[in-house]
Amino acid sequence: MEHSGTLESLAQELRVFRPLPQLVIEANVNPQELESFRRQAANDPQGYWEEAADELDWYKKWDQVLDESNAPFYRWFPGARCNIVYNALDRHIETANKNKLALIWEGEPGDSRKYTYYELYREVNRFANALRTLGVGKGDRVIIYMPPLPEAVIAMLATAKIGAIHSLVFAGFSAKALRGRIRDVKAKLVITADGFYRNGQIIRLKQTVDEALVGACADCVDSMVVVHRAKVDTDMLDGRDFWYDDLVRRERPESPTEVMDANDTLFLLHTSGTTGAPKIVSHCHGGYMVGVHRTLNHVFDIKPTDIFWCTADLGWVTGHSAVLYGPLLAGTTTLLYEGHPNYPQADRMWHIVSKYGVTIFYTAPTLIRMLMRFGPQYPRQHDLSTLRLLGSVGEPIGPETWLWFYRHIGRGECPLLDTWWQTETGMFMISPLPISLLKPGSVTKPLPGVEVDIVDREGNSVPPGVGGLLVITKPWPAMMTGYFNDTGGDKGDETSGDKSGEKGVEGERFREAFSRFPGKYLAGDVAKRDEDGYLWIQGRADDVLNIAGHRLGTAEMENAFRSHPAVAEAAIIGVPDKIKGEAAKAFIILIQDAQPSDDLILDLKHHMRKELGPVAVIKSIEFRTTLPRTRSGKILRRVLKAEELGEAPGDLSMLDDTE
Ligand code: WTA
């Protein structure tokens, strides 16, 4: 069968959930306003985003909203001057937010710290001064390799405040992975902790940095700041290593905020690398802050009394936009938890929700699936009645997980906002609002000002019900400003980074993302639209299977397995098949009480056939207790595939080997 690059769509989900009337009445954006935002943004996108920009403070406003003259290297708000930290922190000190809680932190052992906006402001100023004393300035790269501690938040804000560029590395990464990342961005400073608590143990962190700092990597790093968290014996190198407390003690709690060009870099961040070597995405102060501020306010309907808990690590884009910058731009209270979600037992998350009265709980399907395995008796032990909104991000959630989350955590009353976006997009792109009709497993519609399409391989829009490539057809303000060290082509060892500045090919990878269908950004996901215009993400394009000419996304098959009562988690890969060209192999994690057996295998295959029809043939099933995942929780199907085919797995630095 000839295929034009479209994807079969097998699953059909007919359930629809409506928001409670009271919630619609109280929403910041009601259905009429949402429609009018959509219309305004469609007719005059620049006007729409300009209004969003006007809600923030600028040292100098823009010469124009969007410069498209060098597309796809779009520049938002050229000529404007600003600093995201002014908007996330400084400006709140002049308002009623001054004495409101900005940050609630809980450590794994149960210790806790709280900061008002004023207190956070003063801490950030002290550390900003300390950074300047260490010789860090505008444009310098700072690696933050830290557990979720208040000092990590302070370090990010202080770095941005003085115009330096932060680049976070998740604290679970190895010395080797850290070394590559330090070298990639040529960091001048590393900020870390002596250690931290995770699953009842102390993880020593500073010594990992010491291990990383050898060779070329050691040459670029002038100094290291160490937060005293775990109080473990720590070797300090004279002249290079400094205790955080010693540095800030001497500094004053006032510090000027650097005036930045709107397009100056705010941060660099490696992508999670599910389908290959990670790329280093760069975001700027101006457009990023506008996009994040507008979309977080719309989607999460921020109210003055909210306690916002996004469970992502600060080291992912979700941590940047939805733990730190988004909530602080909105003047809300953000919550940060240091430890393992199951420590000391499987109700820790729900314990935290009830202890602090969390109102918005935003997490990833992988965490929900893990907690589902333990059953609903854990959330039932806690008062979760303060919750008013739930959110999901990172992977297709699928109807089963969606319904469990909605019913057992959200009492069947809290809208579940499934937000689709990427490190590259910086801000939420496709998502419901609390007032939207919800279909379990659908990310619903693009937000106002975001235009998407689903196209076949030739770039033609596909009709409803047919899957294809997800593209974004108009620039958006929080779009990445580029890839760092973007020299294009296949560099092999991505982490070497030593080809930076090579002439003639600058921006090649970035250009690639816009070049397959000129002017459109290729997201790398496959998706379909239903008759109501609702969008369904079917997986990563690289993971698509081709079974006897039928092209199938992984998400629908995995979701179908997850609706079987014995299944907790599933991953699908394609394996060569003499007759069909490719066939599906499933890796299954069972729920706690289920046992693998031949009967169960037959039953699972039958279940799949019943759910999705005869096209979805499962060649074999393997039971596992864990699946290879990125450290942000995404299933690494390419690793399963390489294992299966006995091939080299490629870059594994993003693999979570802690489970
Ligand atoms: C996937 C995370 C389905 C998708 C913010 C995307 C999702 C990649 C969703 C980006 C969602 C993210 N439903 N899939 N709601 N959100 N994804 O860069 O494949 O870590 O391309 O950014 O995660 O992952 P990243």
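In the predicted model, the second largest pocket holds about 630 Å³ of space. Its lining is made up of 31 residues, and those that lie nearest the centre of the pocket are Ala11, Gln12, Glu13, Lys528 and Trp536. Several elements of secondary structure contribute to this lining, with at least two residues supplied by each of helix 16 (398-409), strand 24 (521-529), strand 25 (535-540), helix 18 (554-562) and helix 19 (598-612). Helix 18 provides the largest share, which amounts to four residues. When the lining of the second largest pocket is divided by class, 12 residues are nonpolar, eight are polar and 11 are charged.

An open sheet is formed by seven strands in the order 5-4-17-16-18-19-20, and its pairing is mixed. Strand 4 (residues 101-106) and strand 5 run antiparallel and are joined by five bridges; Leu101 has Thr116, in strand 5, as its bridge partner. Two helices were found to lie across strands of the sheet. Helix 5 (residues 117-133) lies across strand 4 and strand 5 and runs at about 95 degrees to strand 5, whereas helix 11 (residues 286-300) lies across strand 16 (307-310), strand 18 (360-363), strand 19 (389-392) and strand 20, running at about 125 degrees to strand 19.

A cis peptide bond leads from Ala71 to Pro72, with omega near 5 degrees, and Pro72 is placed in the loop between strand 1 (66-67) and strand 2 (75-76). The peptide bond from Tyr343 to Pro344 is likewise cis, with omega near -5 degrees; Pro344 lies in the loop between strand 17 (333-337) and helix 13 (348-356).

Positive phi values occur at Lys231, at about 55 degrees, and at Thr444, at about 65 degrees, although neither residue is a glycine. Lys231 is located in the loop between strand 11 (223-227) and strand 12 (241-243), and it counts as exposed because its relative accessibility is 57%, a value over 50%. Thr444, which is found in the loop between strand 20 (416-418) and strand 21 (452-455), counts as buried because its relative accessibility is 2%, a value under 20%.

Terms used. Residues numbered from 1 in each chain as written. Predicted model: local features only at pLDDT ≥ 70, side-chain atom pairs only at ≥ 80, totals over all residues. Heavy atoms only, no water. 1 Å grid on protein atoms, 1.4 Å probe; cavity = no way out; pocket = protein on both sides within 12 Å on 5 of 7 lines; lining within 4 Å. Points joined across faces, edges and corners; volume = space filled by probe spheres on them. Nonpolar A, V, L, I, M, F, W, Y, C, P; charged D, E, K, R; others polar. Buried < 20%, exposed > 50% of the residue type's maximum accessible area, 1.4 Å probe, protein only. Pairing = 2+ DSSP bridges. Contact = heavy atoms within 4.5 Å. Axes fitted to C-alpha atoms, helices over the stretch in contact; angles between N-to-C directions.
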